[in-house]
Structures are given as structure tokens and as C-alpha cells.
Amino acid sequence: MNPILEIMNLTVRYKIKNKEIHAVEDISLLVNKEEFVGIVGESGSGKSTMAHAIVRLLPPNAYIKNGRVNLLGYDLINMSDEEVMKVRWKDFSIVFQKSMSALSPVHRIDDQMMEAIKLHNPQISQQEIESRLDKLLQMVNLPKRVLKSYPHELSGGMMQRVMIALALVNFPKFVIFDEATTALDVVTQGQIIEEVRQLVKELSLTGMVITHDIGVVNELCDKIAVMYAGKLVEYGPKSDIIHNPYHPYTKALISSLPDFIKERGEFAGIPGNLPDLSQLPKGCIFAPRCPLADEKCFEQVPSLLRNDDRQVACFKVKEVKT
Amino acid sequence: MRKFGDFVRRYFTNPYGVVGFAIFVTLLCFAIFAFYISPYKPNALSEDVLSPPSYKHPFGTDHLGRDIFSRVVYGTRVSLSVGFVAAGISALLGIFIGAFSGYYGGIVDEIVSKIIDSFLMIPIFFLILIIVAIFGSNLFYIMLVIGLTTWPSNARIMRAQTLSLKERGLVKIAKSIGESNIRILFSHIIPNGMYPVVANSALQMGGAILTEAALSFLGLGDPNVTSWGKMINEARTYMSFAWWTIVFPGIFTILAVVAFSFIGDGLQHTLYPKLSGVESE
């Protein structure tokens with residue numbers, strides 16, 4: 001099967017006052033057609049940086065140290081900005097987090113969406129645009145009047161739906177959902193996830209879901225990639241990872257979810273904080289917080305081990321399993 | 001349109017805004033309908049020299065027997081047009097220069113910021129005084145010079161707005177959709193960031209009126225137009241025994257300046273915190 005997205009040894013760093021922040025370290029990932037990959041990890045683990053590196057939207061103080069990204073046949077890292085501008089939003093797009101500040105408060109919704117259509121289809125007629133907008137709104141379950149509204153007249157859930165519609169405006173093949181449901185209440189979140197699932201089926205989308213909520217990943221994705229401090233620590237099919245994690249970080253992440261069935265108890269957090277990403281430790285990056293770490297973990301960096309369709313970077317896989 | 005309705009409603013909840021707007025509308029009527037309102041021609045001489053306010057001459061007459069009420073009414077035209085044109089030039093220059101400098105950054109921004117800083121350091125009134133003294137005192141020159149010397153404060157506001165807007169999600173979205181830099185600048189940055197400049201411009205209108213009056217008072221005003229400043233200048237000699245010659249043009253100057261600063265205040269209250277803070281909903 002031909003992969004839609006192929007990331008190879010992607011390394012992204014931020015330059016801040018003579019310091020190098022290792023935001024994304026040496027990540028390789030394959031996404032096949034009509035597959036959804038969930039990227040999970042705590043805040044600051046480099047999930048969004050990776051996504052923005054893929055679509056070439058990194059802030060000016062970040063740079064791609066090395067690596068290759070092949071998305072739908074485009075060699076994105078080596079393309080010029082102009083070339084990327086032509087294909088971004090046409091063949092692939094991204095749903096940003098914080099939809100509240102992502103829409104221009106002085107323009108109506110339809111103006112903003114039309115702009116995205118016109119820029120990539122200069123020949124399109126006004127009627128075609130309108131019928132396309134109607135169709136898009138139906139897809140995300142919004143009433144037609146939203147088109148003539150300003151962003152401040154919409155609720156958070158509506159704005160998030162507008163953002164999703166905006167990402168799908170040119171019917172791309174690949175979409176990244178960057179914390180698309182994070183700022184919403186659980187009920188709206190559930191509805192939007194359900195809608196996205198429908199859309200994925202309807203438009204045979206391939207994509208990536210970035211979140212720190214394993215529940216969202218569980219609903220939407222086929223595969224899970226767990227990131228910690230810029231590194232890929234585990235990657236594999238969803239159910240395998242959730243029911244049978246190989247990496248101690250994945251295990252801790254899953255057990256930190258509140259459980260509604262059990263009696264009211266303690267939240268199982270993960271003690272400690274993310275390491276300082278400007279000075280990477282010598283050994284495994286998770287070792288200082290890992291309950292299973294021993295001398296070897298502090299000395300050597302574990303490489304990504306392959307086991308059928310699963311990958312994990314840990315010396316202690318056997319001990320985690322039991 | 002709902003947004004405009006909201007805007008009007010919010011503006012008129014501010015008492016300063018209401019008062020300022022009322023004075024402004026009155027002055028605007030004076031300026032537009034000067035021909036119908038004034039009982040005499042502004043330069044018509046008469047026998048009643050320096051006569052005090054009476055039924056015939058509500059504000060009295062000056063040393064040449066000209067009706068002060070008529071002259072004040074015609075003077076409104078000069079003052080308002082100076083205010084609008086000068087502040088308009090200043091706002092346009094300030095918005096474009098500030099937005100370009102803030103958006104593109106780098107060396108351009110460095111240079112523009114230094115220019116703005118040096119303009120803010122120079123005492124503007126004396127600069128205007130020198131320019132007008134050298135190049136002559138046509139009313140149009142005066143407006144132009146006031147506009148060309150007051151844009152830096154607008155540019156500074158616009159630059160700050162641009163710096164904060166360009167980090168916001170909406171610019172990121174526009175960029176990722178594929179909009180060009182110029183388009184982002186004109187359709188996102190400027191429309192979203194110009195509100196504080198609009199409020200500042202209302203204040204600048206008052207300032208421009210005052211500057212023109214001061215120039216006229218110093219004898220550097222346009223000799224061909226009737227302006228409040230010139231009336232005050234001419235009345236200096238007679239003010240000890242004919243107070244009406246200097247008090248009425250003075251009151252109107254103050255009213256105009258107060259009206260514009262109240263309007264600026266009202267606009268600031270209306271536009272600044274609410275429209276830029278859509279997140280608050």
C-alpha cells in the first residue's frame with residue numbers, strides 16, 4: 001500500500017537566545033491511505049510543532065534541522081514557500097486549535113471561506129462557490145445563516161465547525177486536526193467527533209489528529225503515535241496500544257485517565273515534569289520520570305524497536321507488559 | 001448591519017460621546033448651512049463699529065463693523081475642514097506606514113521606528129511654524145503640514161496593533177490558506193487594527209483645529225479665509241473694552257476641541273475593548 005504521508009528522521013529545533021530547543025527529534029512515521037493517526041502526548045511534547053513542520057507553517061524562530069516529509073507526493077521540506085502556498089489548502093489542510101482567535105472578527109464567515117476557494121480555483125463561478133458553501137455547512141451541521149454572520153455571533157462549537165468546514169473547503173485528501181476539540185465542552189466535543197468521523201468516511205480522508213485526550217483518539221483514529229519530549233516513544237494500532245501498552249509512558253498516560261466505573265479515587269498522575277528541551281539527558285529521555293528506569297536507561301538512548309506493526313523505544317518492554 | 005447597530009448603541013451609552021456628538025453635529029450644521037444661518041456676509045462692513053451684542057448683532061461687531069456671529073459661523077467651515085483633512089492625512093499615513101513597518105519587520109521596521117521616535121521628539125508646533133513661515137500660509141498647505149507632521153503617533157499605534165495581530169490565529173489561517181502578504185495586510189491587519197487609530201484621529205482633529213487657530217493667532221494663517229484664530233488675533237487690540245470680539249471665537253474654538261476630544265473618548269470606549277476582544281463572549 002502506498003503511504004500518503006511519509007515522515008523520515010524529522011528534526012525540528014527552536015532557536016531562543018543562543019539556546020537550541022529540541023522540539024522534535026528524529027521522528028519517522030508512515031500514514032497509509034484512509035488511515036487516521038492520533039498523536040498523543042502532554043503539553044510541550046512537540047506534537048503541534050511536528051504538525052506545523054509537515055504543512056510548513058513553523059514560526060520564524062523554528063527551523064527544520066534535517067529529515068524528509070513526503071505528503072501526497074510532494075517533497076514538502078525542499079519546496080519553496082510559493083510552491084507550498086499553491087498546494088496547501090488544496091490538497092492538504094489543517095484545523096487549528098483556538099478557533100476563537102482564528103477567524104477575522106471584521107469579516108463575515110462566507111467572505112473568509114470564499115477567499116480560500118477563490119485563491120485555489122481562480123476560474124470558479126459565484127454559483128459554484130455558493131453551492132459548495134451550502135454543501136460544506138450541511139456536512140458540519142450548521143444552519144445556513146452562519147454564512148452571513150460575524151464570528152462574534154457564533155458559539156465556540158459553531159466556530160470550531162466553521163474551522164473544520166474551512167479546512168475542507170477545497171476537499172483536500174489529507175487533513176490535520178490540531179487540538180480541534182480541546183476548547184469545547186464534552187457534549188459538543190462528542191458531537192463534533194461524530195461529525196468528523198462521518199466526514200472522514202464520506203470524503204475518504206486521510207489524516208492526523210493531535211490531542212492530549214486519549215478518549216478523542218480512541219473515537220477517531222486507527223493508529224496511535226505517542227510522543228514524549230519531542231520523541232516518538234510508541235506507535236501502533238489503536239486497540240493494541242490502549243489495551244496493551246509497551247512503553248511505560250504510554251501506560252502511565254492511559255492510567256491517568258479518570259475512570260467513571262471505579263469508585264471515586266485518586267487521579268493517577270505522572271510525577272515530575274518534562275525535561276529541559278535545550279539540554280537533552282544522556283540516556284532515555286523518560287528515564288527521570290520512569291518507575292522502571294535502571295542504570296542502563298540513564299546511560300543509553302533506546303532505539304525504536306519493531307515488532308510486527310508496532311514500534312516502541314524502551315529497554316523495559318517485557319517488564320511493562322507484565 | 002447588526003454590528004453597526006451595536007456600535008451605535010454602545011457609542012450612545014457613553015455620556016461624553018453623546019455630548020461630543022451633539023456639539024459636533026451643531027457645528028457641522030453651521031458649516032454646511034452657513035449661508036442660511038448667518039444674518040450677514042462674513043466680510044460685510046457696517047456703520048456699527050465695535051457694538052456690543054444686541055438683537056441686531058447677537059455676538060456684536062468687530063473694529064470694522066463686521067458681524068461676529070456671521071464670521072464665527074463661516075469660521076466653522078475652515079476649522080472643521082482643517083480638522084478633517086489634516087487628521088485624515090495623518091490617519092492614512094499613520095495606518096499605512098505603521099502597518100507596513102510592523103508587518104514586514106526587520107530593517108524597514110528599525111528605520112521607520114527611528115523616524116517615528118525622532119518626530120515625537122521634535123516640538124511639532126515649531127516645526128509647523130517654520131514650514132508655514134517659509135512656504136507661505138495657504139490654507140491647504142496648513143492642512144497638509146499638520147497632517148504630515150502628526151502621523152507618527154498614529155503610525156506608532158498601528159504598528160503596535162500590527163505586531164499583536166500578526167501573531168494571532170487569523171493571520172496564520174490567512175497565510176496557510178495561501179493569501180499573499182499584501183492581501184493579508186489590507187484585508188486582515190488594517191481592518192482589524194485600525195480602531196484605536198480612528199479614536200486617536202478624533203483627538204487629532206481637535207489638535208489640528210487648535211494648531212490652525214494658533215497659527216492664525218500668530219498671524220501665519222491664510223489671509224484669505226475667516227478663521228477663529230484670525231478673529232482672536234484681530235481682536236487683541238480691542239479686547240480690553242470690547243470683550244465680545246475675542247470671547248465668542250474663543251468659546252467656539254474650545255467647543256470644537258472639546259467636542260472632538262469627547263468623540264475620541266466615546267470612540268475609544270466603544271471600539272477599543274469590545275470589538276478587539278471578541279473572545280470575551
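Reader: Is L305(A) buried, partly exposed or exposed, and why?

Author: This is a predicted model, in which local features need pLDDT of at least 70 and side-chain atom pairs count only at pLDDT 80 or more, while totals for chains, interfaces and linings use all residues. Residues are numbered from 1 along each chain as its sequence is written, and chains are lettered from A and ligands numbered from 1 in the order in which they are written. A residue is buried if 20 or more other C-beta atoms lie within 10 Å of its own, exposed if 12 or fewer, and partly exposed in between, with C-beta atoms placed from the backbone. Because L305(A) has 13 other C-beta atoms within 10 Å, it is partly exposed.

Reader: Leaving aside neighbours within four places in sequence, with which residues is L305(A) in contact?

Author: L305(A) belongs to strand 11 (residues 305-307) of chain A; helices (H or I, at least four residues) and strands (E, at least two) are DSSP runs, numbered from the N terminus. Its C-alpha atom is separated by 9.3 Å from that of F315(A), ten residues apart along the chain. Two residues are in contact if their C-beta atoms, placed from the backbone, lie within 7 Å. With neighbours within four places set aside, the contacts of L305(A) are Q311(A) and V312(A).

Reader: In strand 8 of chain A, which residues are buried on each side?

Author: Strand 8 (residues 206-211) of chain A is mostly covered, with six of its six residues buried. Both of its faces are covered: on one side T206(A), M208(A) and I210(A), and on the other G207(A), V209(A) and T211(A).

Reader: Which residue stands opposite I210(A) in strand 8 of chain A?

Author: Two strands pair if DSSP finds at least two bridges between them. Strand 3 (residues 36-40) of chain A pairs with strand 8 in the parallel sense over five bridges, and there V40(A) stands opposite T211(A). Strand 7 (residues 174-178) of chain A also pairs with strand 8 in the parallel sense over five bridges. The residue opposite I210(A) is D178(A).

Reader: Which strands stand at the edges of the open sheet of four strands in chain A, and why?

Author: The sheet has the order 2-1-4-5, with antiparallel pairing. Within it, eight bridges join strand 1 (residues 3-16) to strand 4 (residues 62-71) of chain A, and E6(A) stands opposite N70(A). Two strands have a single partner each, so one side of each is left without a neighbour in the sheet: strand 2 (19-32) and strand 5 (74-75) of chain A.

Reader: Which helix gives the most to the side of domain 1 of chain A that touches domain 2 of chain A?

Author: Chain A is divided into domain 1 (3-91 + 173-321) and domain 2 (102-171), with bounds from an automatic or database domain assignment. Their centres, taken over C-alpha atoms, are separated by 29 Å. The contact takes 13 residues from domain 1 and 14 residues from domain 2. On the domain 1 side the most, five residues, comes from helix 6 (residues 186-202) of chain A.

Reader: Which residues have the most contacts inside the largest nonpolar core?

Author: A nonpolar core is a set of buried Ala, Val, Leu, Ile, Met, Phe, Trp, Tyr and Cys residues joined through C-beta atoms within 7 Å. The largest has 168 residues, and those with the most contacts inside it are V162(A) and A165(A). Helix 4 of chain B gives the most to this core, with 17 residues. Domain 1 and domain 2 of chain A both give residues to the core, so it lies between them.

Reader: How many residues does helix 8 of chain B give to the side of chain B that touches chain A?

Author: In chain B, 17 residues are in contact with 22 residues of chain A. Helix 8 (169-177) and helix 9 (181-193) of chain B each supply at least two residues of that side. Helix 8 gives the most, with six residues.

Reader: Which helices are included in what covers the buried residues of helix 9 of chain B?

Author: The buried residues of helix 9 are I184(B), L185(B), H188(B), I189(B), I190(B), N192(B) and G193(B). Their cover includes helix 4 (68-104), helix 7 (139-165) and helix 8 of chain B.
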